[in-house]
Each structure stands twice: as structure tokens, then as C-alpha cells.
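Here is a short note for a colleague who is opening this structure for the first time.

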Amino acid sequence: MTSPAGAAIRDEPIVEALAEATTRDAGRVREVLAKAQAAKGLEMADVAVLAAISDPGLLGELFATARAVKESIYGSRLVLFAPLYISNLCANDCLYCAFRARNRELKRRALTQEEIAREVEILVDQGHKRILLVAGEAYPNEDFSYILESVKTIYSVKKNNGEIRRVNVNVAPLEVDEFKELKATGIGTYQLFQETYHRGTYKMMHLGGKKRDYDWRVSAMDRAMQAGIDDVGIGVLFGLFDWRFEILALLQHIRYLEGAFGVGPHTISVPRLEPAVGSDVAAHPPFAVADVDFRKIVAILRLAVPYTGIIMSTRETPNIRRETFALGVSQISAGSRTNPGGYASAEEFEMAQFQLGDHRGLDEVIGDVAEMGYIPSFCTACYRLGRTGMDFMDLAKPGEIKHHCDPNALSTFLEYLLDYGSGKTRKAGERLIADKIGAMGESERRATEDMLAKVRGGERDVLV
Ligand code: SAM
Ligand code: SF4
């Protein structure tokens with residue numbers, strides 16, 4: 001049965017908007033870019049116009065506008081997290097994924113709670129504060145409480161000054177009651193990617209298990225919201241179908257959620273297909289997205305939904321990641337492993353979900369990000385202080401959230417430098433902190449210096 005969310009994804013308006021969009025008229029592109037500068041978001045027809053840009057000059061203008069909007073809303077902060085793959089058991093048969101049930105080349109493993117705690121200790125020792133828990137859709141003894149237990153285990157680990165302060169979760173769609181149980185464990189964002197919004201492609205790519213049902217998946221965020229989880233993250237797996245169609249459909253999904261629940265998604269993820277053990281589709285993406293188009297996707301999303309975070313994973317190479325920070329990315333993973341148990345034993349790549357593009361450790365990524373002038377942030381204040389869903393957007397849209405984000409980013413970054421940073425990263429980081437403080441207005445500077453003094457004096461988790 002078609003769900004309300006499924007009914008909101010309509011092919012004809014997308015196809016029409018794409019057919020009507022023309023970049024031969026540079027004036028129309030500039031009109032859209034001027035509208036985008038106001039950071040109030042874009043309509044489908046506008047997005048289609050930007051997606052059709054091919055002229056290098058106009059492309060440069062698109063990127064410049066995205067950079068300006070990103071800078072005005074997010075400043076120079078980049079939030080860091082690590083994925084934690086707890087199990088690669090899966091009952092589904094998604095043709096692009098190494099975890100799919102019929103893949104005999106994959107070694108299967110579901111971590112025990114002790115093994116999960118061990119992985120978390122390693123991440124905490126590296127300095128991480130945020131984890132994205134990831135699992136295939138099959139749980140040991142077919143018991144969903146495995147996920148609930150795992151979230152609790154992650155939060156229970158304390159080591160020296162470190163602990164995980166926010167667990168986001170990327171697991172298969174749940175019933176409303178299960179979402180309520182998940183919320184009760186104290187998760188941050190519930191993430192789920194539609195993979196492709198194109199029904200025909202969806203059918204061809206998902207051959208087995210519950211995930212075959214497009215509507216069950218596309219309506220998952222409705223159930224999460226009904227259960228009270230108001231920070232949700234959506235996404236598309238780019239490479240399965242035409243990216244232009246996908247971003248317009250993504251926008252339909254966002255506008256539907258805003259209409260139905262008063263708030264859209266907290267984040268959008270933009271995974272691109274990567275090679276995966278035993279997958280021809282992953283090796284030869286049917287609609288491979290070129291690097292230049294990938295940058296366009298990030299820039300257009302930044303302008304279409306300025307207040308929704310954009311997440312960039314280590315699927316991408318360091319260079320692509322660097323380029324997209326300026327265009328709109330607000331969260332990145334670092335030092336990732338996509339095989340269960342991968343942090344404790346680095347060798348077992350035959351259990352991984354897909355291949356990584358960025359193999360650097362957390363400290364190296366942080367040093368690089370700081371050298372580029374971005375503040376690596378481990379802030380988890382908003383959801384812990386109840387600033388989620390609509391409350392978050394009410395602060396974000398008038399730009400007030402900045403007064404919390406900048407000081408919190410600097411105080412959590414300083415924590416990292418003091419507790420975990422290498423000599424080289426500490427040097428680059430202290431320079432960056434001094435620059436950022438120097439650029440602040442009088443009262444913000446005083447308040448931030450006060451917070452940093454507390455961190456230097458040994459206090460941790462100093463937030464506003
Ligand atoms: N099993 C759950 C699901 O499918 O929603 C959650 C975890 S799944 C491991 C997380 C995401 O990985 C999928 O939603 C998909 O977008 C992405 N993924 C799967 N295969 C991939 C590949 N070959 N390259 C890049 N991303 C991939
Ligand atoms: Fe299973 Fe998710 Fe991989 Fe599909 S994408 S095979 S559901 S882990």
C-alpha cells in the first residue's frame with residue numbers, strides 16, 4: 001500500500017521540472033542564485049535549474065553562492081564522528097552491498113556486548129565523542145533488543161576523561177513501538193537512506209527481505225517522528241539512478257516531512273557507491289556520479305535546505321572531502337572501519353561493507369581540517385540540552401545557534417587537543433583557537449575564553 005510519504009514522492013513533477021530547466025538562460029540561473037543567498041531554501045523548479053548548469057562560469061557562481069551560505073550559517077565548524085559497525089548479518093538482498101544475504105564471499109559476524117565495549121574504548125581513546133551505530137537487518141536470535149543493548153553498552157563505556165556523548169543510529173526501519181524503545185535509550189539522530197527514490201530502480205536493486213518494500217522504508221521517518229524521535233537523517237545512495245532525479249525527490253521527501261511534522265530532517269547523507277565484496281553493481285554503478293557532479297550535489301543541497309546538516313563519510317577521498325567542506329558539508333566521519341570489530345583488528349577487510357576512500361586516522365584528519373581553518377568540533381550540546389527537532393530549527397533559522405556552536409566547538413576541540421592530540425595537531429589547533437577567538441566580538445570572546453580556561457583547568461564537557 002502506498003504510504004503518505006510514498007505518495008509525496010511523485011515522478012511527473014520531477015520529470016517536468018528537469019525537462020523545463022535550461023541553463024541556456026544565464027539570467028534564470030542567476031535569479032535562483034540570488035534567491036538562494038537569502039538562505040530561505042529553494043523550490044523544485046529552482047533546484048532543477050541549478051542541476052542543469054554545465055557552463056563553467058555559472059558553475060563557479062553556484063559554488064561561490066554555496067560557500068557563502070555555508071559560511072554564514074555554519075561558520076567554519078566541522079563536527080566529527082566515527083561509525084561503529086556492530087553486525088554484518090543481513091536478511092535483505094541489496095545488490096550494491098557486501099552485507100546482502102546471498103553474498104557468500106563475506107565472513108559474517110555480530111559483535112557481543114563485550115566486543116562492542118572494546119571497540120568503543122578504542123574510539124574513546126582516539127578522542128571520539130560521537131558514534132554512528134550501523135548494522136545489517138538481522139539480529140542475533142532475531143531479537144531487536146540487540147540494538148537497544150548495544151546503544152546502552154556504548155554509553156556505559158568511560159575511560160580517563162573520555163566517553164561517547166551521542167549515539168546516532170543507522171539501522172533498518174522499525175515499528176513505532178520499537179522506535180519508542182530506541183528513543184528511550186537516549187539516541188541522537190535516527191538515520192536511514194532511501195537509497196533511490198526511483199521506484200523502478202528500487203525494485204531492481206532490492207531483491208530480498210523486508211527492504212523490498214519501498215513504502216515501508218520511505219515511511220520510516222514518519223514512524224520515527226510519531227515515536228518522538230525528532231532528529232532524523234535521510235539520504236540517497238548516489239550511483240543507482242540519475243542524481244538530478246534523486247535530489248528533486250529528496251526535496252519532495254523533505255517538504256513532506258516539514259508539512260506533516262513541522263520539521264524536516266536534521267541531516268542529509270550523500271553516500272556514493274563504492275566497490276563492495278561480491279557486488280557487480282557496486283563495481284559498475286549504473287549511474288556513476290562524476291566528481292564535478294558530486295560537488296554540485298553538495299552545493300545544491302546546501303542552497304535548497306540551508307539549515308539541514310550535510311554528512312560526508314570516509315567513502316570519499318581526502319581531496320573530495322576537502323573540496324566539499326567549503327560547499328556545504330557540516331559533519332564528517334574520520335578514522336572509520338566498516339567491518340564489525342574493525343577497530344580492534346584492522347586486518348579483516350573481508351567483512352567490510354564497502355571500501356573506504358579516506359584511510360587516515362582521526363588525529364591526521366583533525367590536523368588537516370585545522371590547517372584548513374575549520375574548527376573540528378566534538379560538540380553534542382544541542383540534543384543533550386533538549387535543542388532538537390523544531391526547537392533546534394527555531395534557534396538555527398534566525399542564526400542564534402551560532403552563539404552556542406562556536407564556543408562549544410572550541411571548548412570540545414580544546415578537550416581533544418589536551419587529552420588526545422599529537423604534538424603537531426596540538427600546535428596547529430592552538431593556533432586555530434587563538435585565531436578564532438581573536439575574530440570574535442567582545443562579549444562572545446570573554447565567554448569563550450572563560451569556557452576554555454575551565455577546560456585547561458581540567459573541567460570537561462563545558463557547554464553552552
Ligand atoms: N542495513 C541498514 C540499511 O540498509 O538501511 C543500515 C545499514 S547499511 C549498512 C548503511 C548504508 O550503507 C545503506 O543505507 C547504503 O546507503 C550504504 N551502502 C551500502 N552499500 C554501499 C556501497 N557499496 N557503497 C557505499 N555505500 C553503501
Ligand atoms: Fe543489508 Fe543494509 Fe546492506 Fe541492504 S544495505 S544488504 S539492508 S546492510
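1. Domain bounds here come from an automatic or database domain assignment. On that basis the protein chain is divided into domain 1 (72-382) and domain 2 (400-456). Taken over C-alpha atoms, the centres of domain 1 and domain 2 are 28 Å apart.

2. This is a predicted model, in which local features need pLDDT of at least 70, side-chain atom pairs count only at pLDDT 80 or more, and totals for chains, interfaces and linings use all residues. Residues are numbered from 1 along each chain as its sequence is written, and side-chain values use heavy atoms, with hydrogens and water left out.

3. Contact (heavy atoms within 4.5 Å) involves 28 residues of domain 1 and 20 residues of domain 2. Between the two domains about 1900 Å² is buried, 57% of it from carbon and sulfur atoms; buried area is the accessible area (1.4 Å probe) that two parts lose on being put together, summed over both. In domain 1, Arg77, Asp363 and Ile375 lose the most area to domain 2, together 29% of what that side buries.

4. Three salt bridges are counted between domain 1 and domain 2, a salt bridge being a side-chain nitrogen of Lys or Arg within 4 Å of a carboxyl oxygen of Asp or Glu. The side chains of arginine 431 and glutamate 371 form a salt bridge, at 3.7 Å from N to O.

5. Which residues are around ligand 2? They are Cys90, Asn92, Cys94, Tyr96, Cys97, Phe99, Arg100, Gly136 and Lys211, each with a heavy atom within 4 Å of the ligand.

Conventions. Chains lettered and ligands numbered in written order.
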